[in-house]
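Here is a walk through one protein model, written for someone who would rather look at the residues than at tables. Have the viewer open as you read.

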Amino acid sequence: MRPLLIVNPRSAGGKTGQLFDGLADPIRRSLGDFDVQRTEHPRHAVDLAREAALAGRELVVAVGGDGCIHEVVNGLMQARKSGDARTRLGLIGQGTGGDFRRTLGIEHRLDQYCAALKHGRIRTIDVGHVRYHDHEGRPAETYFMNILSVGLGGLVDQHVARMPKTAGGGLAYFAASVRGLLGSRIGRVRCRLTLKGETREMDVETRQLAICNGRVFGGGMQIAPMAEVDDGVFEVVDLGSSPLPRFVAVSVGVYSGRHLRSADVQHHRCERIEMELLNKDVADRFLLDVDGEPLGRLPIEVSLVPRALDVMVPA
Ligand SMILES: Nc1ncnc2c1ncn2[C@@H]1O[C@H](COP(=O)(O)OP(=O)(O)OP(=O)(O)O)[C@@H](O)[C@H]1O
């Protein structure tokens, strides 16, 4: 069957919808014939990817940002659960952030995306799975391919999601980050981590803690430069509970990976982690960011599905 391109026309502030027809010809020259489906609403890509995999497509390409990739990954994982579909994932990055393609080392150029699809190699990656509570308190679950964080990141995502769609990209994200930072609270969190069959419990106080399959989040922040998407473990990076000015200084180091040298920052490894918020009065400001989406809140149970998905990456 022909490859399917799932296009999020709203990605990159709506530019993808306008630009995609112009991209189709160069993609076709490299990939050959393909089919296209444009998403019509949020989470539509989950259904499109699942149906494509169950129909036996060998390759499904997410054309959009990290949110689009997250949805396509969820569709492919759902298909895998309900059958033995083993569809490969491809990427053509068209978003504002591009954190997952940075993790995979794909340069943001159409010819590089096409080269990875046509002549690349398959990398079989681990995928995270999380059980959580949505903003109305209902139990929910999702897969994630990159990073899940608790605390400040989810609050920033929520501010971004509530901004008018006309707000400009970089500046609007910066404003949401400042607002999130000033409104953020320190969570007292009970964590149960399991690594190689051994479970240990610890209580942490943190403004932001990230559970990382990939390396980069927040539009280029190298929260876990040591992470490998196919090593069977999560890197857990806790940015600590220092007062705001010191927290900001440590966070600036996340752009280069320097934060890991700070005494405020803790690093753990696990295949599974359960987290429960002890100071429930901060629950509205201590939120989940799952691959950049503000999905809900604690308590959570996160587990790693090893070698779950084949992704096309540069040769
Ligand atoms: N037709 C649609 N109408 C409205 N929203 C949509 C539609 N299709 C997809 N979406 C939503 O658009 C959101 C953003 O998508 P995506 O992440 O692909 O782009 P981005 O935000 O520009 O990139 P990045 O996440 O890399 O910054 C996702 O939450 C997705 O559910």
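## Before you start

This is a predicted model, so local features are given only where pLDDT is at least 70, side-chain atom pairs count only at pLDDT 80 or more, and totals for chains, interfaces and linings use all residues. Residue numbers run from 1 along each chain as its sequence is written.

## The overall build

The protein has eight helices and 15 strands; helices (H or I, at least four residues) and strands (E, at least two) are DSSP runs, numbered from the N terminus. Its radius of gyration is 19 Å, close to the 20 Å that the globule rule gives for 315 residues, so the protein is as compact as a globular protein of that length. That radius is taken over C-alpha atoms, and the rule is 2.2 Å times the number of residues to the power 0.38. Along the principal axes, the C-alpha atoms fill a box of roughly 55 × 45 × 35 Å.

Of the 315 residues, 47% are buried. Here a residue is buried if 20 or more other C-beta atoms lie within 10 Å of its own, exposed if 12 or fewer, and partly exposed in between, with C-beta atoms placed from the backbone. Among contacts between residues at least 6 apart in sequence, 74% join residues at least 24 apart; two residues are in contact if their C-beta atoms, placed from the backbone, lie within 7 Å.

## Two domains

The domain assignment gives domain 1 (4–119) and domain 2 (128–306), with bounds that come from an automatic or database assignment. Taken over C-alpha atoms, the two domain centres are 25 Å apart. Where they meet, 14 residues of domain 1 are in contact with 16 residues of domain 2.

On the domain 1 side, α3 and α4 (99–103) each supply at least two of the touching residues. Helix α3 gives the most, with seven residues. By type, that side of domain 1 has four nonpolar, seven polar and three charged residues. For this sorting, Ala, Val, Leu, Ile, Met, Phe, Trp, Tyr, Cys and Pro count as nonpolar, Asp, Glu, Lys and Arg as charged, and the others, Gly among them, as polar.

Leaving aside neighbours within four places in sequence, Leu76 is in contact with Ala49, Ala53, Val60, Thr87, Leu89 and Leu309.

Now find helix α2 (residues 44–54), whose buried residues are Ala45, Val46, Leu48, Ala49, Arg50, Ala52 and Ala53. They pack against β1 (4–7), β2 (35–38), β3 (59–64) and α3 (66–82). Just after α2, Gly56 takes a positive phi of about 100°.

## Around the ligand

Which residues are closest to the ligand? Of the 22 that surround it, the closest are Ser11, Pro42, Gly65, Gly67 and Gly95; a residue belongs here if its C-beta atom, placed from the backbone, lies within 6 Å of the ligand. The shell divides into four nonpolar, 13 polar and five charged residues, and α3 gives the most to it, with three.

## Single residues worth a click

Glu58 sits in the loop between α2 and β3. It is partly exposed, with 15 other C-beta atoms within 10 Å, and beyond four places in sequence it touches Met1, Thr87 and Arg88. Glu141, in strand β6 (residues 139–144), counts as exposed, with 11 C-beta neighbours inside 10 Å.

Arg43, in the loop between β2 and α2, has a positive phi of about 70° although it is not a glycine. Asp291 also has a positive phi, near 50°, and is buried, with 28 other C-beta atoms within 10 Å. The peptide bond from Leu298 to Pro299 is cis, with omega near 0°, and Pro299 lies in strand β15 (residues 296–313).
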